[in-house]
Amino acid sequence: MNCCGLLTAQEEPVPLKSVEVELEVRDHVATLVSTLNYENKEDKPIEAVFVFPLPGDAAVCHFSATIGQKQIVAEVKEKQQAREEYDDALSSGQQAFLLEESEQSPDIFSLSVGSLPPGESASIRLEYVTELAVQADDGLRFCLPAVLNPRYQPQGSEDASVQVTSVPASQVPYSLSFSARVSSPRPVSKVESSCSLDPLQYLNTEQTQATVKLAAGHKFDRDVELLIYYKYAHQPSAVVEAGQASAKPGTLMSDPAVMLSLYPEFPQAVMSSVASCGEFVFLLDRSGSMRCPMNNSGKLETRIGSARDTLLLLLKSLPMGCYFNIYSFGSSYEHIFPKSVEYSQETMEEALKKVEDMGANLGGTEIRRPLRHIYSQSCIPNQPRQVFVFTDGEVRNTKQVIDLVKKNSGSHRCFSFGIGQGASTALINRLAKEGGGQAQFITGTDRMQPKVMQSLRFALQPAVVDISVTWDLPKGVSVTVHSPPITALFQGQRSLVYAQLTGQSSEAAAEGCVTVKYSLAGHPSQNQLHFSLKPAEDTGLTVHRLAARSLIRSLEMEQREDGAQQDGGVKKKVVELSVQSGVSSAFTAFIAVNKGDGEVIQGPLVRRNVPTPGASGSKQPRRDPLLQLVSLQKASGCWVLDPDLAAALGKTSEEVEKIKPSAVNQEVWATILALIWLHGFKMDAQEEWELLAMKAASWLRAQNAPCMSECVEAGNALLGCNVQKDTVGL
């Protein structure tokens, strides 16, 4: 094959040349500007279609095209109207650009560049704002998704759909440049990434501003992930932003908006007293659809397979002294033990044997009966009940299921996980809301394990109840909150509240105050945050756009939950808000037409799909080495020195035995090696093994074994790592 220029897998020329990304992070909010440069090297006019991923909670707020010296800024319009304008422009020989969010998934966008004449270049600028999620180690995570697994994408008419063109990462025919600027009131301590970065450059002596770039030669084999760490991790904060003078009075965009970032700090004494107890009931969907693949990447991992791996991690991470049981359901239901049993090596092994044999073979999705059975069992004194529900389906009786959870909300917390695209958002969100837990969705390329382990961390915290948020504002100022009410609080998790402020205060230095009250393990507590009502100077409209996005997402969910009973009123509200704020939604799209100098583009249009990097690999996956190591851990937290452990570490039994310091017993040595391997090779999956590693470290401390430093040194030498003793918790 000897062709010049950019080609797709079908050897068609590719018009996308390069992608330039600039990221601006202010504290925990990121603004991203992406420039896509297209060039038509063919001898006929083309339409280029590029389907690409964005973070699911991004507020896309600007889209423009530059052709030659001319810039055309797109407007937000109702989706069908935007599509018609695009088609009309193309059929009359004009240039047009359309950007729309997928109806199936808010994290997939499709960009159509229409009527690019031969030899012409166009540069597309796309901007979005998003909040950065807090990780378990207090880092803030930004992710630029590069890998898009092929999914069908509705394009134009209702029934036609376009297959995403996907190529191996090594053959992506366009380049990516990426730079980030980070600023915060607190010093930036470090920025880490899964990709190679050029060194962090500080811009001032206080180290509160820094820049970082992606090293040259990035391969599109992974998402670009940044982890940003500030000194003095997370403080509650409030940002007030002035309204837009040109906006229609009385709307969200015209009034000042406020973003509150709340981090409740729980008393240490309460937190440590309850970490090792609880009754954990896992309820797993085994209906036929759980046989489906986790995503469309061509990988063979099924939903039920991923759920089995997740149960392995959960069972290894439970604390000694707790109780547990596993239920599974389809048209009927089963349980492993008649009632919850104490967690021990024997009960854990028995449960894992049964989990290994679980298939997606129980028919439909009847979740109410197993829940009723769980609630009919009396609670175990001093072991708070935590129910984890895993399902990929829709249920017909959502309301009755929710009512049942609500009725029993005093006796348990419910953590829910929606697996795959078909999971009912109404069911998953409301199970967690009424059950005082947390809802998580596992879609696209998400891995189930980190999300579930985060929920287990939260489940090990005492329940926070009776949460209320009250505002105290100066006379003449009132507040409208645009975020869903806070129904659960967890240590280490941020709660964001967006609100609109109406009216004026006569005081020069006016202040507001927000009080969050709650009860924790029977102790009433409250956190207060005082803030100035003076708008920040330099945030533009970031807070307004995030507030609009938060309200749009809530309304879209309402539309999905009550779709059948509605007269289109909610959809109309979403379209209005989306158009006013310039933030995209499921029901709107960005459209730009180059009315230009009236020259009509001649000739039939040729369509070119721009390929995106796909996840590679279609062979039957070997068991994940991490899960192999985890499966060998004992309930107490230790590992045993045997040939299986040596194989999981990639060594022979002789190599592992030979270097063992003589004064140390075999279990201590095996456990230190396992911890070094986790810290040395699996930091990218730390959320998945953190709890079981803490259990291992506390087991090691209890052994009070001699010469730990010598063991860690010998283990590093054997495994080729450089892990410090205090890193593994010794």
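A: Before we start on neighbours: contact here means heavy atoms within 4.5 Å. Also, this is a predicted model.

Q: Fine. Then what is T31 in contact with, leaving aside its neighbours within four places in sequence?
A: The list is E22, L23, E24, E127, Y128, V129 and T542.

Q: Where is T31 found?
A: In strand β2, which covers residues 29-39.

Q: And is T31 buried or exposed?
A: Buried. T31 has a relative accessible area of 19%, and the cut-off for buried is under 20%. So T31 falls on the buried side of that cut-off.

Q: Back to the strand. What order do the strands take in the open sheet?
A: There are 8 strands, in the order β5-β4-β9-β2-β1-β15-β18-β17. β2 sits between β9 and β1 in that order. The pairing is mixed.

Q: Which are the edge strands?
A: β5 (70-73) and β17 (201-202). Each of them pairs on one side only.

Q: What holds strands together in a sheet, in general?
A: Strands pair through backbone hydrogen bonds, either parallel or antiparallel.

Q: OK, the β5 end. How many bridges join β4 to β5?
A: 4 bridges. β4 spans residues 59-67, and the two strands run antiparallel.

Q: What is the bridge partner of I67 in β5?
A: K70.

Q: How accessible is Q207?
A: Partly exposed, at 30% relative accessibility.

Q: Where is C707 found?
A: In the loop between α15 (686-703) and α16 (708-719). C707 is not a glycine either, yet has a positive phi of about 40 degrees.

Q: And what does C707 count as in accessibility terms?
A: Partly exposed, at 26%.

Q: Which residues in α10 are buried?
A: V570, V574, V575, L577, S578 and S581.

Q: Last one. What follows α10?
A: G582, with a positive phi near 70 degrees.

Key: Residues numbered from 1 in each chain as written. Predicted model: local features only at pLDDT ≥ 70, side-chain atom pairs only at ≥ 80, totals over all residues. Heavy atoms only, no water. Pairing = 2+ DSSP bridges. Buried < 20%, exposed > 50% of the residue type's maximum accessible area, 1.4 Å probe, protein only.
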